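User: I am new to this structure and want to know what stands behind the terms used for it. Please go through them with me.

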Amino acid sequence: MAWRWLPVLLMPVCCLLRRDHAQNPPIKNLRMDPETKRLTWNVSGNVSKIECYVGSSRFTVSSDNVSCQFYSLSKCQASNYTVKVTLVDQEPFSTWIEYPKQEGNPGAAAEDLDCKVHDVSFLTCTWAVGREAPKDIQYHFSLESIRRTGQKWDCPRYTPNERGTHVQCHFDRMSRFPKQQYRFLVEGASGHSRVPCSEAIEFLQDIEKFIAPNITATCNESLALMKWHMASLFRTSFDYDLEIQQGTEPPSVHKVGVHPSLPRASHMRTLSLDAGPA
C-alpha cells in the first residue's frame with residue numbers, strides 16, 4: 001500500500017472572519033462632516049452596538065448606528081476617530097479615519113498661543129513665530145463660536161514683531177460676546193509653503209484674569225467696615241481672603257464668600273477688630 005501525504009493549510013477562525021470583513025466590511029465610507037460635527041458611515045450586517053472613539057478614549061455609543069455627534073472638532077490637531085462595531089455571532093470590527101488632514105510643515109505654525117480676558121472687557125492673545133516658519137510668514141487670528149458654526153470674528157488690531165509678523169491680537173468690548181466656548185485660531189500664510197494652524201478652545205470665563213479691587217475702610221475702636229467693587233463680565237460669585245493687621249500684631253486672615261444673590265460685584269464686610277468677622 002502506498003501512502004500519500006496531502007499538505008493541509010490550517011487557518012485560525014479569526015483570520016477567516018477578518019478576511020470576510022475585508023471583502024464585505026460592516027462599516028463603509030467613514031467620513032467627518034465639519035459643518036455638523038458628525039461622524040457618519042454606511043452600515044451593513046447584523047450589528048448590536050457601535051461605539052465611537054477619539055484616540056484611545058471612548059467618546060460615545062452611537063444612538064442610531066449610523067453616526068456619532070461631536071460638540072467640537074479640532075481644526076489644527078489631527079486625531080484618530082475610530083468606530084468599533086459589535087456584531088451578532090461574529091468578531092468585533094473597527095475602522096478609523098484621521099481628521100483633520102495635516103498639511104504643511106508643523107514647525108511653521110504659531111507656537112505658545114495664550115489668551116487672556118483682562119481689565120474687565122479686553123481680550124489679548126499672544127503667540128510666537130514657528131521655529132521653522134519661512135521668512136515671509138504672516139499670521140492671522142480669529143475668534144470662532146463653538147456652538148454656532150460659521151460665527152467668526154477676525155482680529156481688529158494686531159501687534160507685530162520687528163519683522164512685521166503678527167504676534168499679538170487685541171479685542172475690546174468683550175461684553176458683546178456671549179458666555180460660551182470659543183476657538184482661538186491662528187492661521188499662517190506664506191508664498192513658499194502651506195502653514196498649519198494653531199488653536200485653543202476655551203470658555204471666556206476660564207481665561208479671565210482678575211484685577212485686585214480697591215478697598216475702602218471705615219474704622220473705629222471696635223469695628224471696621226470694608227467695601228470693594230469686583231469687576232467681572234462672567235462671574236458673580238467670589239471667595240476672598242482679607243488680611244488685616246492691627247498695629248504691631250501679626251496679620252489675621254478672614255475668609256469671605258460672596259453669594260450671587262447679592263448686588264453684582266458690590267461687596268461689603270464688617271469685622272469686629274476684637275472678636276473677628278462680624
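User: Why is C76 called buried?

Analyst: The model is a predicted one. In it, C76 has a relative accessibility of 9%. Buried means under 20%, so C76 counts as buried.

User: What makes C76 and C197 a disulfide?

Analyst: Their sulfur atoms lie 2.0 Å apart. The cut-off for a pair of cysteine sulfur atoms is within 2.5 Å, so C76 and C197 form a disulfide. C76 sits in the loop between β5 (67-69) and β6 (79-87), and C197 in the loop between β14 and β15, so this pair links distant parts of the chain, 121 residues apart. The angle about the S-S bond is -120 degrees, and the link of C76 and C197 is left-handed.

User: How do you know the handedness of the link between C115 and C125?

Analyst: From the torsion about the S-S bond: for C115 and C125 this is about 120 degrees, so the disulfide is right-handed. C115 belongs to strand β8 (residues 111-118) and C125 to strand β9 (residues 122-128), 10 residues apart. The sulfur-to-sulfur distance is 2.0 Å.

User: Are C115 and C125 buried or exposed?

Analyst: C115 has a relative accessibility of 9%, and C125 has a relative accessible area of 0%. With buried set at under 20%, C115 is buried and C125 is buried.

User: Why is C219 called exposed?

Analyst: C219 has a relative accessibility of 55%. Exposed means over 50%, so C219 counts as exposed.

User: What makes β11 and β15 edge strands?

Analyst: Four strands form an open sheet in the order β11-β10-β14-β15, with antiparallel pairing. β11 (152-154) and β15 (198-203) each have a single partner strand, so one side of each is left without a neighbour in the sheet. From one strand to the next, the twist averages 20 degrees.

User: How do you know that β10 and β14 pair?

Analyst: Eight bridges join β10 (residues 138-145) to β14 (residues 181-189). Pairing needs at least two bridges, so these strands, which run antiparallel, count as paired. S145 stands opposite Y182 in β14.

User: What makes the link between the side chains of E51 and R58 a polar contact?

Analyst: The distance given for the two side chains is 2.8 Å. The cut-off is a pair of N or O atoms within 3.5 Å, and the E51 and R58 side chains make such a contact. E51 lies in strand β3 (residues 47-54) and, at 11% relative accessibility, counts as buried. Leaving out residues up to four places away in sequence, E51 touches R58, T60, V61, T82, V83 and K84.

Note on methods:
Residues numbered from 1 in each chain as written. Predicted model: local features only at pLDDT ≥ 70, side-chain atom pairs only at ≥ 80, totals over all residues. Heavy atoms only, no water. Helix = DSSP H or I, 4+ residues; strand = E, 2+ residues; numbered from the N terminus. Buried < 20%, exposed > 50% of the residue type's maximum accessible area, 1.4 Å probe, protein only. Polar contact = N/O pair within 3.5 Å; in protein donor to acceptor, adjacent residues only side chain to side chain. Contact = heavy atoms within 4.5 Å. Axes fitted to C-alpha atoms, helices over the stretch in contact; angles between N-to-C directions.
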